[in-house]
Amino acid sequence: MSKRIMVVDDSRIVQLQMQKVLADSQYEVAVCCKNGQEAIEKYETEKPDLITMDILMPGIDGLEAARQIIEKHPDAKILMVSSLAYDDTMQEANKIGAKGFIYKPFDREQVLKCLDDIFAENE
């Protein structure tokens with residue numbers, strides 16, 4: 001059975017890229033969200049196996065959304081996906097409990113390896 005992924009990014013282009021990257025893999029995009037608030041709300045109903053989370057979004061940003069989701073669901077797996085490459089941003093993501101960090105632009109091999117590694121840690 002494939003793992004269900006929630007893609008959180010305010011860019012429709014990035015959402016479509018992630019769907020393309022995950023096509024024909026053991027992962028499927030279960031739902032796409034355009035901001036942190038939507039991700040927090042949809043996590044409750046969708047219960048994805050993992051969230052890919054952009055950082056810079058309107059309203060609640062990705063770091064705050066990740067913080068709120070992990071506070072309520074400590075077992076949530078969140079992979080940060082961003083063009084922000086600052087050390088303090090990565091440290092903050094790790095402190096919150098994110099399982100990894102991928103830089104945009106991303107490629108298929110990079111995303112699949114990171115997802116495989118995250119799920120392998122928990123088996």
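Predicted model: local features only at pLDDT ≥ 70, side-chain atom pairs only at ≥ 80, totals over all residues.
The strands form an open sheet of five, arranged in the order β2-β1-β3-β4-β5 with parallel pairing. The edge positions are taken by β2 (27-33) and β5 (100-103); each has a single partner strand, so one side of each is left without a neighbour in the sheet. From one strand to the next, the twist averages 25°. β1 and β2 run parallel and are joined by six bridges. Arg4 has Glu28 of β2 as its bridge partner.

Helix α5 (residues 108-121) packs against α1 at an angle of about 75°, and the two axes lie 9 Å apart. Since angles of 65 to 115 degrees count as roughly perpendicular, α1 and α5 are therefore roughly perpendicular to each other. On the α1 side the contact is made by Met18, Lys20, Val21 and Leu22, and on the α5 side by Arg108, Val111, Leu112 and Leu115. By class, the residues of this contact comprise six nonpolar, no polar and two charged.

Two or more lining residues come from each of β1 (3-8), α1 (12-22) and β3 (50-53). Seven residues of the lining are nonpolar, one is polar and two are charged.

Technical notes:
Residues numbered from 1 in each chain as written. Heavy atoms only, no water. Helix = DSSP H or I, 4+ residues; strand = E, 2+ residues; numbered from the N terminus. Nonpolar A, V, L, I, M, F, W, Y, C, P; charged D, E, K, R; others polar. Axes fitted to C-alpha atoms, helices over the stretch in contact; angles between N-to-C directions. Parallel < 35°, antiparallel > 145°, perpendicular 65-115°, else oblique. Contact = heavy atoms within 4.5 Å. Pairing = 2+ DSSP bridges.
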